[in-house]
Amino acid sequence: MSEPDFRCGFVAVVGRPNVGKSTLVNALVGRKVSIVTSRPQTTRQRVIGVASTERAQLLFVDTPGMHRHEKHALNKLMNRSAQSSLADADVVLVVVEAGRWTEEDEDVLARAQAAGRPVMLLLNKIDRIRPREAVLPMLQEAAARGEFAAVVPISAERGENLARLRELLEAAVPEGPALFPPEQWSNRDERFHIAEVVREKLMRRLRDELPYGLAVEIERLGESEQGRLEVGAVVWVEREAHKAIVIGKGGEMLKAAGQAARLELKARFERPVHLEIWVKVRERWTDREADLKRLGYDGD
């Protein structure tokens, strides 16, 4: 992957919360790089998904959703992480929801354009637009919002028009050697992805009861003599009341989330998994820089 005409570059994927950025990155990479839920701000840290072909290596930077309100140190850190991704990018993908344009979308677009990088505007979730002919005027309206390298209608969930998007991106990134081995699909290690799987299963089950200050830390990761993956995870919450919510009546909530996580990890690592989860309280961890860094939230 070091031929003179080979291309490699960073593609920052930005947008307001819950527009489908992580779904898009997973689809483009062909692996589950980032967890996906219906909750805004599911993605909290910058994750790079690596998509390698014979012609190019695209490094998709999945970022936290940009938002206006910075109530906690964690919110500020997520915004800072998304902003720094713009500065490092070769191309910026601004993801919006087809048929919907908000002030937050306007803010994200302004930040992306201020970074001075080529910007492609993606209208996601076009599969939900009826009649389908209504997509054309949406594209025309979107194109009038600024100078874009391309305006592309897509459905990340259904894979619509993603092949065309890949072609555009491979042509847009600079010539250069691959930065990751072709078999590598993420810049994050096993501990990170295991913690994210556990957090995803909790988020999907807790839904409206979900405490904002919920994080997962892998304290133990090893292998038994029989080849079984041994995982010890801690779920951090900010209040005792939140601990009771996460555990659930009779421990049923935590048990169900743990079982779902174990099954996904078993399929991912293709071997048996023993997963133990504890829930612990650390008050106001979302406002403590030291706690954020210890849990891997660096904002860079």
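**Ground rules.** Since I'm working from a prediction, local features need pLDDT of at least 70 and side-chain atom pairs count only at pLDDT 80 or more, while totals for chains, interfaces and linings use all residues. I number residues from 1 along each chain as its sequence is written, and side-chain values use heavy atoms, with hydrogens and water left out.

**Helix pairs.** I take helices (H or I, at least four residues) and strands (E, at least two) as DSSP runs, numbered from the N terminus. Axes are lines fitted to C-alpha atoms, for helices over the stretch in contact, with angles from 0 to 180 degrees between N-to-C directions.

I looked up α7 (residues 240-247) against α8 (residues 252-269) and got an angle of about 60 degrees, with the axes 5 Å apart. That makes α7 oblique to α8; my classes are under 35 degrees roughly parallel, over 145 roughly antiparallel, 65 to 115 roughly perpendicular and the rest oblique. Ile245, Val246 and Ile247 of α7 touch Glu252, Met253 and Leu254 of α8, contact being heavy atoms within 4.5 Å. I sorted this contact into 5 nonpolar, no polar and 1 charged residues. For that, Ala, Val, Leu, Ile, Met, Phe, Trp, Tyr, Cys and Pro are nonpolar, Asp, Glu, Lys and Arg charged, and the others, Gly among them, polar.

Next I checked α1 (residues 21-29) with α5 (residues 162-172): the axes come within 11 Å and cross at roughly 80 degrees. The two are therefore roughly perpendicular. Leu24, Ala27 and Leu28 of α1 meet Leu162, Leu165 and Arg166 of α5, again 5 nonpolar, no polar and 1 charged.

**Charges.** I found 24 salt bridges (a side-chain nitrogen of Lys or Arg within 4 Å of a carboxyl oxygen of Asp or Glu). I noted Glu97 with Lys125, closest N and O atoms 3.9 Å apart. This pair links distant parts of the chain, 28 residues apart: Glu97 is in strand β4 (residues 91-97), Lys125 in the loop between β5 (119-124) and α4 (135-143).

Most residues other than glycine have a negative phi, and most peptide bonds are trans.

**Rings.** Arg145 puts its charged end over the Trp101 ring, 4.0 Å from the centre. Arg188 lies over the face of Phe192, at 4.5 Å. My test is NZ of Lys or CZ of Arg within 6 Å of the ring centre and within 35 degrees of the ring normal.
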